[in-house]
Amino acid sequence: MSHESQYTQERITTRDQAKDEREAHHEAEVVIIGAGILGCALAVALGDQGRSVILLEKSLKEPDRIVGELLQPGGVQALEKLGLRDCLEEIDAIKVYGYDVIFYGEEVRISYPENAREMEDGYSEDSRSDEMRGMKRKRPEGRSFHHGRFIQRLRQKAMQQPNVTVVEATATELVRSGYTDQILGVQATVRGEQDSFFGSLTIIADGYASKFRKDFRTDAPVVRSKFWGLELIDAELPMPCHGHVVLGDGAPILLYQIGTHETRALVDIPDNLPSASVKAGGVKGHLKNVVVPSLPEKVRPAFEAAIDRDRLRSMPNSFLPATTNKQPGLVLLGDAMNMRHPLTGGGMTVAFNDVVLLSDLLSPEKVPMLDNTKLVLKQMRTFHWRRKGLTSVINILAQALYSLFAAEDAQLKALQMGCFQYFKLGGNCIDGPVGLLGGIIRQPFVLFYHFFAVALYAIWIYITSASLLAIPIRAVGSVGVFWKACVVIFPYIFSELRP
Ligand SMILES: Cc1cc2nc3c(=O)[nH]c(=O)nc-3n(C[C@H](O)[C@H](O)[C@H](O)COP(=O)(O)OP(=O)(O)OC[C@H]3O[C@@H](n4cnc5c(N)ncnc54)[C@H](O)[C@@H]3O)c2cc1C
Ligand SMILES: *[C@@H]1O[C@H](CO)[C@@H](O)[C@H](O)[C@H]1NC(C)=O
C-alpha cells in the first residue's frame with residue numbers, strides 16, 4: 001500500500017471519530033486561539049479541507065469595537081476565494097468605490113481602478129444575490145460595516161462547518177513537550193474551569209494585544225499614535241460610498257459609512273499632542289477645537305452631536321513587522337504576528353489573503369500530517385516570503401502614507417502637498433496608489449515607483465512655487481526633501497526584508 005492511500009484510509013476511519021476526539025478528548029489536528037477575523041476564516045478553510053479543528057474564543061458575544069470596519073477590494077476577493085463572501089450580506093454593509101481625499105478643504109476623488117478580471121459562470125444575473133452580482137462589475141468594490149456584525153457572520157460559518165468545533169474558552173498557557181519543546185496545545189479557562197486542548201498544530205490568532213507573542217519574539221509593537229473613534233448618526237458625507245480622508249494641519253481623520261444611518265469617524269491623535277493635553281481640555285478639547293473646524297461643514301453637526309453623546313474610545317495604532325515562525329508545533333498569524341497603521345484599512349485584507357495562501361501551503365496534498373513539524377516549518381518559510389507580494393505593499397504604504405499625512409515638519413509637509421497634487425494629476429497617478437492600497441496591485445516595485453514619483457513631483461512643486469529669488473534656496477532645500485522621503489520609506493522596506 002502506498003503512503004498516499006494509507007493516509008486516505010486512515011482519514012476515513014478517523015473521520016467519524018474526529019468530532020468525538022474534539023468534544024470528548026479535546027484533540028484535533030489544529031487548535032486555533034482567537035475567533036476573530038483571521039481565526040474564523042482559517043478554521044473554515046482548514047475544515048473545508050477535511051482537517052479537524054478546535055477554535056477557541058474568549059467571548060462569543062458580538063464584539064463592539066472600532067476596528068476592522070472597511071474591507072478593501074483585495075480582501076473582498078480573498079473572502080470570495082474562501083467561499084465566505086456571503087458574510088458581507090445581511091449586515092447592512094455599505095459599498096465602497098474608493099476614497100475622497102480632502103486636503104485643506106480641496107477634494108480629489110480616488111476610485112479603485114478597473115480590473116480586467118470578470119466572473120465567468122453559468123448563473124443568470126437575477127438568480128444571484130446582491131453580493132454575487134457585485135462581482136460582475138468591472139470596478140472592484142470594498143465594503144464597510146459594523147465590525148461586530150461581520151465577526152458574528154464569520155463565527156456562524158465556523159460553527160456550521162462540521163469539521164470545526166468552536167469553544168468559548170480563554171487560552172492561558174501553551175502546553176510544551178518536556179523533551180522537544182514542541183508546542184502540543186494550550187491550556188484554557190472554560191466557564192471558570194481549567195482545561196486543555198491538544199493539536200498537531202497550534203495557531204495563535206489572538207489579535208493586537210497577543211498574550212503569547214512575547215514568548216516568540218523580543219521586539220514589541222511600535223505605537224506612535226492612537227485612533228479615537230466616534231459613531232456619527234445620519235451624517236452627510238461629501239461623497240457617499242467612499243472612504244474619506246481629511247488632511248490639514250493635524251494628523252489625518254477618516255470618515256466612512258458603516259451602516260444605513262451610521263458613520264465611523266476615526267481621529268488620529270499622536271502621543272503627547274499639545275492640543276490634546278489635559279491643560280487644553282484633553283481629547284474632547286482637541287476634537288472640539290481642532291478637529292471640528294477642519295471637517296467639511298456638512299459633517300460637523302453629526303460629529304459635534306457624537307462628541308457629546310458617545311463614550312470616547314481609542315485603539316493604539318501599531319506597527320509590527322512579520323517574523324518567520326521557528327517553533328515546532330506553532331504558528332502565529334494575524335495581528336499577533338504582523339501589524340501596520342490602520343490608516344489604509346489593510347489589516348483584514350492581509351488576514352484573509354494570508355488564510356488563502358496558508359491553507360494552500362498546508363493543504364492535505366502538500367502536508368498530509370500536520371505533526372510533521374519539519375515540513376510545516378519549511379512551508380512556513382515559504383509562507384513568510386510568498387505573502388510579501390501583497391503584505392509588504394500594504395504594510396509599507398500604510399506606514400509611509402501615515403508619515404506624510406501626519407506631517408510634522410516642513411519637508412514632510414512638502415511631500416504631503418506633493419502627494420495630493422500627484423493624485424490631482426489623475427490617471428495612473430491615482431490608479432497605481434489606490435490599486436496598491438486596495439490590495440489589487442501586488443507588486444512592491446509599483447509602490448517604490450509611485451513613492452519616488454511623488455517625492456520628485458513634490459520637489460518640483462517645492463522649487464517652482466517659490467518666488468524667483470527664493471528658487472536657489474529651495475533648490476538646495478530640495479535635497480532635504482528627497483532625504484526625508486528616503487528616511488520615511490527605507491526603514492519600512494528593510495523591515496520587510498528581515499527573515
Ligand atoms: C483603530 C483600528 C482600525 C482598524 N480599521 C481597519 C479597517 O477599517 N480595515 C481593516 O482591514 N483593518 C482594520 N484594522 C485592523 C484589523 O482590525 C485587524 O488587522 C484584524 O482585526 C486582525 O484580525 P485578527 O484575527 O488577527 O485579530 P482580531 O480580529 O482582533 O481577533 C482576535 C480574537 O482573539 C480573541 N482572543 C484574544 N485573546 C484570547 C485568548 N487568550 N483566548 C481566546 N481568545 C482570545 C479575541 O476575543 C478576538 O476575537 C484596524 C485596526 C485598528 C487598531
Ligand atoms: C469534513 O472532513 C471530511 C474529512 O475528514 C471531508 O471529507 C468533508 O468534506 C469535510 N466536511 C466539510 C463540510 O467540509
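Okay, Asp181 and Arg176: these two form a salt bridge, with the closest N and O atoms 3.4 Å apart. By salt bridge I mean a side-chain nitrogen of Lys or Arg within 4 Å of a carboxyl oxygen of Asp or Glu. Asp181 is partly exposed at 36% relative accessible area, and Arg176 is also listed as partly exposed, at 36% relative accessibility. For those words, buried is under 20% relative accessible area, exposed is over 50%, and partly exposed sits in between, with a 1.4 Å probe and protein chains only.

Quick housekeeping. This is a predicted model, where local features need pLDDT of at least 70 and side-chain atom pairs count only at pLDDT 80 or more, while totals for chains, interfaces and linings use all residues. Residues are numbered from 1 along each chain as its sequence is written, chains are lettered from A and ligands numbered from 1 in the order in which they are written, and side-chain values use heavy atoms, leaving out hydrogens and water.

Back to the charges. How many salt bridges does the rule count? The count comes to 21. Take Asp86 with Lys157, where the closest N and O atoms are 3.1 Å apart. Asp86 is in the loop between helix 3 (73-81) and strand 4 (94-96), and Lys157 is in helix 5 (residues 147-160), so this pair ties together parts 71 residues apart in sequence. Helices here are DSSP runs of H or I with at least four residues, strands are E runs with at least two, and both are numbered from the N terminus. Asp86 itself counts as partly exposed, at 25% relative accessibility.

Then there's Arg309 with Asp310, closest N and O atoms 3.4 Å apart. Is Asp310 buried or exposed? At 19% relative accessibility, Asp310 counts as buried, while Arg309 is partly exposed at 46%. And Glu69, Glu231 and Arg264 are linked in a network of salt bridges.

Next, the domains. The protein is divided into domain 1 (3-63 + 148-219 + 320-389), domain 2 (70-98 + 109-144), domain 3 (222-318) and domain 4 (408-496). Those bounds come from an automatic or database domain assignment. Let me stay with domains 1 and 4, whose C-alpha centres lie 40 Å apart. Their contact takes seven residues from domain 1 and seven residues from domain 4, where contact means heavy atoms within 4.5 Å. The area buried between domain 1 and domain 4 is about 570 Å², and carbon and sulfur atoms give 46% of it. Buried area, to be clear, is the accessible area (1.4 Å probe) that two parts lose on being put together, summed over both. Which residues of domain 1 lose the most area to domain 4? That's Thr344, Lys388 and Gly389, together 56% of what that side buries. The rule finds one salt bridge across this interface. Lys388 also has a salt bridge with Glu496, with closest N and O atoms 3.0 Å apart.

On to the surface. Phe445, Phe448 and Tyr449 form a nonpolar patch with about 350 Å² of accessible area together. Patches are built from residues with over 30% relative accessible area and no salt bridge, joining like charges within 9 Å and nonpolar side chains (Val, Leu, Ile, Met, Phe, Trp, Tyr) within 5 Å. The areas come from Shrake-Rupley with a 1.4 Å probe, and for residues, only the protein chains shown count as cover. Tyr449 sits in helix 13 (residues 444-464) and is partly exposed, at 48%.

Also, Leu468 is in the loop between helix 13 and helix 14 (471-497). Leu468 is exposed, with a relative accessible area of 75%.

His26 lies between helix 1 (3-25) and strand 1 (27-33), and it is buried at 17%. Leaving aside neighbours within four places in sequence, His26 is in contact with Glu21, Ile54, Asp195, Ser196, Phe197 and Phe198. Cys241 is in the loop between strand 12 (222-233) and strand 13 (243-247), and counts as partly exposed at 27%.
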